[in-house]
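Please keep the sequence and the coordinates open side by side.

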Amino acid sequence: MKHLFSCWDNFYRLLNKAKIVLLFFDYDGTLTSIVPKPELAVLPSRPKALLERLARQDRNRVAVISGRSLKDIKNLVGVKAVFYA
């Protein structure tokens with residue numbers, strides 16, 4: 001399997017042609033830093049703003065996935081236009 005950045009030009013070209021783009025993000029360790037205790041994992045304002053911006057674009061479908069409870073992850077992220085699992 002190739003690393004994404006080794007074939008970025010091709011990936012970017014295909015992405016721009018796509019009618020719908022599905023974007024899945026994991027909460028702990030991806031949107032937030034790895035921390036010693038789960039309650040310390042707080043979504044910084046910049047990634048939250050980027051999620052909101054991505055979700056507002058018509059062709060994007062944005063999802064945040066987590067092993068946390070659905071209620072917990074919705075409260076932690078707080079972006080209404082995002083799907084949660």
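**The pocket and its surroundings**

The lining of the largest pocket draws at least two residues from each of α1 (8-17), β1 and α3. Helices here are DSSP runs of H or I with at least four residues, strands are runs of E with at least two, and both are numbered from the N terminus. The model is predicted: local features need pLDDT of at least 70, side-chain atom pairs count only at pLDDT 80 or more, and totals for chains, interfaces and linings use all residues. Residues are numbered from 1 along each chain as its sequence is written, and side-chain values use heavy atoms, with hydrogens and water left out.

With five residues, α1 gives the most to this lining. The lining counts 17 residues, and those nearest the centre of the pocket are Leu15, Leu23, Phe25, Leu54 and Asn60. By class, 13 of the lining residues are nonpolar, three are polar and one is charged. Here Ala, Val, Leu, Ile, Met, Phe, Trp, Tyr, Cys and Pro count as nonpolar, Asp, Glu, Lys and Arg as charged, and the others, Gly among them, as polar.

The space in the largest pocket is about 330 Å³. A pocket is an open set of points on a 1 Å grid over the protein atoms alone, where a 1.4 Å probe fits, with protein on both sides within 12 Å along at least five of seven lines; lining residues have an atom within 4 Å of a point. Its volume is the space filled by probe spheres set on the points, which are joined across faces, edges and corners.

Now to the sheet. Three strands form an open sheet in the order β1-β2-β3, with parallel pairing. At its edges are β1 (21-26) and β3 (83-84), each of which pairs on one side only. Two strands pair if DSSP finds at least two bridges between them. Strands β1 and β2 (residues 60-65) run parallel and are joined by six bridges. Within this pairing, Val21 has Asn60 of β2 as its bridge partner, and Phe25 stands opposite Val64.

Across β1 and β2 lies helix α3 (residues 45-56), which runs at about 140° to β2. That angle, on a scale from 0 to 180 degrees, is taken between N-to-C directions of lines fitted to C-alpha atoms, for helices over the stretch in contact. Contact means heavy atoms within 4.5 Å.

Ala49 is found in α3 and is partly exposed, because its relative accessible area is 38%. Partly exposed lies between buried, under 20% relative accessible area, and exposed, over 50%, with a 1.4 Å probe and protein chains only. Gln57 lies in the loop between α3 and β2, and its relative accessible area of 36% makes Gln57 partly exposed too.

For the chain as a whole, four helices and three strands are present, in the order α-β-α-α-β-α-β from the N terminus. Of its 85 residues, 22% are buried. Among contacts with a separation of 6 or more, 53% join residues 24 or more positions apart.
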